[in-house]
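Let's walk through this model together, moving from the overall layout to the ligand sites and then to a few details of the backbone. Keep the viewer open as you read.

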Amino acid sequence: MNVNLNVNPLESWVKIKSKPLVIAGPCSAETPEQLMTTSKMLKDLGKVDVIRAGIWKPRTRPNSFEGAGADGLKWLADVKKELSIPVGTEVANPQHIEEALKYGVDVLWIGARTTVSPFSMQEMADALKGVKNVVVLVKNPTHPELGLWIGAFERLNQAGITNLGAIHRGFSTYDKSKFRNQPIWQIPIELRRVAPQIPIICDPSHIAGRRDLILEISQKALDLNFDGLMIETHMCPEKAWSDADQQVTPERLGEILSELQVRIDSSGDKAFNDHLEELRKKIDNLDRELIEVLAARMAVVEKIGEYKKETNVTTFQVKRWDEIMKNRAELAKKMNLNEAYITEIYKIIHEESIRKQTEIMNRVETKA
Ligand code: PEP
Ligand code: MN
């Protein structure tokens, strides 16, 4: 994927107290007191760079709390003025952008439900044309499609917005998991690979959906060299009007931030690089062997395919498949490998074998 973006380094658009950048605040602005008290507690931690609060809330169904609207912008502007701290909110259409800018909101972010729509993204990029000094963060789309995320950055960049950042908030899936939105870390990692200039901020609150997972997800993000964290924080989380299960108190946020290990970037250290290089060579060799073995396995699969064709036997034989799955999982266990991991790999291997054999079965023999 060819991605050409002109993005300013994070440090040029927001003052960071120390790495990572920390954005914190309630899911929604509920009342002037709730927002101001929570924000003061956050400011007192001395570790928060930007206060967040949702003003217009995208709710799945109507008639739940849909945000304080323009009133909330006034409360946010009061926080900015009284505490001298930048503030941010989610915008989902050109009117939101216009109003938020009128109240001096420093950081706008585009929510997951908006990033999925190229029409909405284009309308918002058009509304931002010519706006100076604004920071725009783009949450990943609700489903794991990297192209849409990148497309959003391209539209904003074409409108002249260069203070850009990404927010990784996980992806909806039907698979059961402990997360509200599955992190699928390969997607932000791939974003970093194709567009290394975009700072990436992790939103562990929307990935987790529950407060007890915030620390572990944040640590994982820092271990992957993410640039910041956006953590929903409320003075009284259990009473929050939205996302009550995932918000933490400012006090707990302080604990989380001190428990997090910010690992050093050793990419410039020669001894470190040499050792890493040595281990990576081992991985390269093992991978070559792995692929050679897969090729040898496929050659046998093809032979079996030919034989099944000659004898007119079906490609898929459930008893054999069942045997393979059981036996390979047992082997994995003996070798101290995660059984689910090996089972997943074998599903892919088996699928490809069936595809190959079906191809052989259906091959039309041309007579010489
Ligand atoms: C939010 O940040 O409050 C929000 C609604 O997030 P998302 O767009 O990730 O669902
Ligand atoms: Mn929320």
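Which domains does the domain assignment of the protein chain give? The assignment gives domain 1 (10–259) and domain 2 (270–361), with bounds that come from an automatic or database domain assignment. Before going further, note that this is a predicted model, in which local features need pLDDT of at least 70, side-chain atom pairs count only at pLDDT 80 or more, and totals for chains, interfaces and linings use all residues. Residues are numbered from 1 along each chain as its sequence is written, chains are lettered from A and ligands numbered from 1 in the order in which they are written, and side-chain values use heavy atoms, with hydrogens and water left out.

The C-alpha centres of the two domains lie 42 Å apart, and the C-alpha atoms of the protein chain fill a box of roughly 85 × 45 × 40 Å along the principal axes. The chain holds 14 helices and 8 strands; these are DSSP runs numbered from the N terminus, helices being H or I with at least four residues and strands E with at least two. Of its 368 residues, 43% count as buried, where buried means under 20% relative accessible area, exposed over 50%, and partly exposed in between (1.4 Å probe, protein chains only).

Now turn to ligand 1. It is surrounded by 13 residues, and the closest are Arg-52, Lys-57, Arg-113, Lys-139 and Arg-169; a residue counts here if one of its heavy atoms lies within 4 Å of the ligand. A polar side-chain atom of Lys-139 lies 2.8 Å from an oxygen atom of ligand 1, and a polar side-chain atom of Arg-52 lies 2.9 Å from an oxygen of the ligand. The backbone takes part in this list too: a polar backbone atom of Ala-112 is 3.0 Å from a ligand oxygen. Taken alone, ligand 1 exposes 290 Å², and the protein buries 97% of that (Shrake-Rupley method, 1.4 Å probe).

His-206 is buried at 9% relative accessible area, and Glu-232 is buried at 0%.

What lies 2.9 Å from the backbone nitrogen of Glu-232? It is a polar atom of the side chain of Ser-205, a residue of helix H9 that is buried at 0% relative accessibility. Elsewhere, Gln-34 in helix H2 (residues 32–45) makes a side-chain polar contact with His-234 at 3.4 Å. A polar contact is a pair of N or O atoms within 3.5 Å; within protein, one must be able to donate a hydrogen and the other to accept it, and residues adjacent in sequence count only if both atoms are side-chain atoms.
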